[in-house]
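Open the model in your viewer and keep the sequence panel beside it. This tour tells you what to select next and what is there.

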Amino acid sequence: MANAWSNWAGNLSCAPRTIVVPPDREAAIAAVRTALRDGAPIRVSGAAHSFSPIVPSDGTLLLLDRLAGVLDVDSAAGTARLAAGTRIHALGDPLRGHGLALANQGDIDQQAIAGAIATGTHGTGPSLGSLSTMVAAVELIDGRGQLVVLDASRPRELSCAALSVGALGVMLSVTLRLRPAYRLHERVWIEPIDSVLARLDERIAATRHFEFFWRPASDDCECKALQPTEAPIGVPPDRDGERVDHSARIFPSVRLHKFVESEWSVPAARGPDCFRELRALMRSRHRDVTMPIEYRTVAADDLPLSPNHGRASVTLSIHDFPQRPWQAFFADAQAIFRNHAGRPHWGKWHGLVARDLAELYPAFATFGEVRRAFDPGDAFVTPQLRALFEP
């Protein structure tokens, strides 16, 4: 099929009128202005790691793969400006060369930084926010085809651009606040679920990064604890499941199989009970689902579209193989998440629309006002986006 696009998992596809891979920022600006003149809706794809239909379009699809790299570093300020298409896995070495590192990241590092920012990608740690909370400035092309720079001088607009689902414009670069480079000690082990839950609060409080994957087939957990360390890089002798390395090499996990995913943030205190209900659902109505539940923590923030807006959160992720009939399982799980005041991750499957989201996100109207100011002609709105943001 001409101009065919599909996401990483294969659960989403489209046939845009035009696919543009601009070689530089000037070409990206020109492509947006051409699409605006043609009246074609504009969307952007990074690494196509989202499972919700926020990218597919029959208009113009921009792929920013060639807009990649670390553009500027201010070591004294602890910031770096990154081209929008830069993959997260390409950041570790160059940033470390300047003595810097991401404060946190998820366990997949294949995403483009702009896409990760746009959807609120995160790691785990009760004192740590998502990648979007690290944003110090963004540079984007708005719905008038104008180049706009947002920084601390425009806090309201910046807070919306830091997690925007691509609805404010086409991001060209993002400046992130970083921390001094560091090493992590990783420990991975298997433990029965009852034991994990009994010590959950203690481990979360004592560990900078703690998470577990509950495995339905065995009813046990793969636990992972990461702590900053001054120890030398390597594998401690006679200590299985442990290693020390630079942070960017420790955070990522290798995923051997493609999957679809739904993830929700619930108030931190409700995390264990929400997990227990999901576990019961999988052990009763959905015993055929074999992929795990991932349990992580995220700090509260003040970004209008953040699932963690105003509250410390536990995030619970469910997965299934793309070729399976996963929709019924995800819909049943969504009912549980909603009963626990869950807010969906923007890049992962959910079935909510604008009227639902407006009830869940206290600053939803603020985002809507900023979106309309940046895109008065709805240039970046597809039918899927319209369902999310317009009642």
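**Before you start.** This is a predicted model: local features need pLDDT of at least 70, side-chain atom pairs count only at pLDDT 80 or more, and totals for chains, interfaces and linings use all residues. Residues are numbered from 1 along each chain as its sequence is written, and side-chain values use heavy atoms, with hydrogens and water left out.

**Stop 1: the largest pocket.** Select Phe213, Glu222, Val254, Arg255 and Pro292. Of the 22 lining residues, these lie nearest the centre of the largest pocket. A pocket here is an open set of points on a 1 Å grid over the protein atoms alone, where a 1.4 Å probe fits, with protein on both sides within 12 Å along at least five of seven lines; lining residues have an atom within 4 Å of a point. The volume is about 500 Å³. That is the space filled by probe spheres set on the points, which are joined across faces, edges and corners. The lining has 11 nonpolar, four polar and seven charged residues. Nonpolar covers Ala, Val, Leu, Ile, Met, Phe, Trp, Tyr, Cys and Pro; charged covers Asp, Glu, Lys and Arg; the others, Gly among them, are polar.

**Stop 2: the strands.** Now select 183-192, 209-215 and 220-229. These are β13, β14 and β15, and each supplies at least two residues of that lining. Strands are DSSP runs (E, at least two residues), and helices are runs of H or I of at least four, numbered from the N terminus. β13 and β15 run antiparallel, joined by 10 bridges. Two strands pair if DSSP finds at least two bridges between them. Leucine 184 faces proline 228 in β15. Glutamate 186 has arginine 243 of β16 as its bridge partner.

**Stop 3: the second largest pocket.** Move to Trp346, His350 and Gln384, which are among its lining residues. This pocket holds about 150 Å³. Its lining has seven nonpolar, four polar and no charged residues.

**Stop 4: threonine 133.** Where does threonine 133 sit? Look in the loop between α3 (113-119) and β9 (135-141). Threonine 133 counts as partly exposed because its relative accessibility is 25%; buried means under 20%, exposed over 50%, and partly exposed in between (1.4 Å probe, protein chains only). Show Arg177, Asp301 and Leu303: threonine 133 touches them, with contact meaning heavy atoms within 4.5 Å.

Terms used
Lists of a residue's contacts leave out its neighbours within four places in sequence.
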